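The following paragraphs go through a structure step by step. Please keep the sequence and the coordinates open while reading.

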Amino acid sequence: MLSIIVPVFNEKDSLEPLHEEIDQVAAAHRLEIEVILVDDGSTDGSWDAIGRIAAKDPRVRGLRFRRNFGKAAALTAGFDEAVGEFIITMDADLQDDPHEIPRFLAEIDRGLDVVSGWKKVRHDPWTKVLPSRVFNWMVRAMTGVFLHDHNCGMKCYRREVFDEVRIYGELHRFLPVLAAARGFRLGELAVQHRPRRFGRSKYGGARFVKGFLDLLTVRFLTGFGQRPQHLLGTVGLGAFLLGGAGVVCLIGYWAFAHSTPEWDSRRLDQLPALLYSLGLLLFGGQLLSLGVLGELIVAYHDRAFRKYSISERTEAGVPVAPAARALPTDPSRP
Ligand SMILES: Nc1nc2c(ncn2[C@@H]2O[C@H](COP(=O)(O)OP(=O)(O)O)[C@@H](O)[C@H]2O)c(=O)[nH]1
Ligand SMILES: [Mg+2]
């Protein structure tokens, strides 16, 4: 079974056409699918549209967040909910073409674990395309993961990937990087990209800054995430040793030179060396202890902690609040 996960944030007009297209593709290729629409605090009536779709198609399920938690949280909720062996994520705004779905599955069939879309010909204003180019170049340079288009919303995964790779914040762009760091096999597929028909783009310039900070995080997580002390400790130890050497030199100077006529304990030109040495000692000690704290957090971190909160869901097409649900009877679906 294929699970199609669509994060939705104020896309009410796109949802029904999107569902129709997905339905056609599934019928034409005899795909067994489920569609999970995650409404991330939309204020434009997207949830009503999801309700209408779920009511007429039992393969569609809707989840509604209490407020906007971000795209990564919406995708994570979808991953948690999905039961398919394969998972496709795609944008809700009709810019991703559902007709690409069979091609993604064909790539996965070749033995890949993650297939990332590449909007080779983009239909977006240059103010989006140019920062995106720079961003992709930086990601390639810093992570060594060669994808043309890390930002593409359309990607396909084997479900095993999500047993191990968890995302939060806005790290959804880096799912392939995080998966590759764990040894999953990665591929890329050039896809059709279409201009936006309804609604507005949700992302502006702030995405670039956030994306860069997230890139640093990912670089750290994939490089040192399990061993923060390796990064902090290396710098800390260097500073500590340098500072220590400085203090030893000053002590030696004091011990052997203070009886000579040039030595005057009231002269202040010895002072900067002392300050630098002490500064380095303290800085190095701080970094080392931060590294120890970092290691503690990694060691005791609870990975199961939920990063979102669901207020409603559709059950057999009918929106219900989770509290109103009957207690689960099937032990495999807690
Ligand atoms: N869940 C969720 N989805 C979002 C959010 N912001 C954007 N999206 C979805 O991400 C997809 C791409 O967003 P879009 O604004 O088209 O970005 P662009 O294609 O880069 O201009 C769309 O399906 C949006 O509904 C958000 O805060 N939460
Ligand atoms: Mg878009």
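Thr217 is partly exposed, because its relative accessible area is 29%; buried means under 20% relative accessible area, exposed over 50%, and partly exposed in between, with a 1.4 Å probe and protein chains only. Thr217 lies in helix α8, residues 206–224. Helices (H or I, at least four residues) and strands (E, at least two) are DSSP runs, numbered from the N terminus. The C-alpha atoms of Thr217 and Leu171 are separated by 9.0 Å, although these residues are 46 apart along the chain.

Some conventions apply throughout. This is a predicted model, in which local features need pLDDT of at least 70 and side-chain atom pairs count only at pLDDT 80 or more, while totals for chains, interfaces and linings use all residues. Residues are numbered from 1 along each chain as its sequence is written, chains are lettered from A and ligands numbered from 1 in the order in which they are written, and side-chain values use heavy atoms, with hydrogens and water left out.

The chain as a whole comes next. Its secondary structure comes to 10 helices and nine strands. Of the 334 residues in the chain, 44% are buried. Contact means heavy atoms within 4.5 Å; among contacts between residues at least 6 apart in sequence, 81% join residues at least 24 apart. The chain exposes about 17,900 Å², and carbon and sulfur atoms supply 61% of that area, where accessible areas come from the Shrake-Rupley method with a 1.4 Å probe and, for residues, only the protein chains shown count as cover.

Inside the chain, helix α4 (residues 101–109) has Ile101, Pro102, Phe104, Leu105, Glu107 and Ile108 buried. The cover over the buried residues of α4 includes β1, α1 (12–28), β4 (86–89), β5 (114–119), β6 (155–158) and β7 (186–191). Just after α4, Gly111 takes a positive phi of about 110 degrees. Strand β5 holds Ser116, which counts as buried because its relative accessibility is 0%. Leaving aside neighbours within four places in sequence, Ser116 is in contact with residues including Phe104, Leu147, Asp149 and Glu188.

Ligand 1 is surrounded by 19 residues, and the closest are Asp40, Ala92, Asp93, Ser201 and Lys202; a residue is near a molecule if one of its heavy atoms lies within 4 Å of it. The shell divides into six nonpolar, four polar and nine charged residues. A polar side-chain atom of Glu11 lies 3.0 Å from an oxygen atom of ligand 1, a side-chain N or O atom of Asn68 is 3.1 Å from a ligand 1 oxygen atom, and a backbone N or O atom of Ala92 is 2.6 Å from an oxygen atom of ligand 1. The protein covers 94% of the 570 Å² of accessible area that ligand 1 has on its own. Two or more residues of the shell come from each of β1 (2–8) and α3 (71–81). Helix α3 is largely enclosed by the rest of the structure, because 10 of its 11 residues are buried, among them Lys71, Leu75, Phe79 and Glu81.

The magnesium ion, ligand 2, is coordinated by Asp93 (OD) and Gln95 (OE1), at 2.0 Å. Donors are N, O and S atoms within 2.8 Å of the metal (3.2 Å for Na, K and Ca), and sites may look incomplete because water is not among the atoms. Asp93 is buried, with a relative accessible area of 5%, and Gln95 counts as buried at 8% relative accessibility.

How values were computed:
A polar contact is a pair of N or O atoms within 3.5 Å; within protein, one must be able to donate a hydrogen and the other to accept it, and residues adjacent in sequence count only if both atoms are side-chain atoms. Ala, Val, Leu, Ile, Met, Phe, Trp, Tyr, Cys and Pro count as nonpolar, Asp, Glu, Lys and Arg as charged, and the others, Gly among them, as polar.
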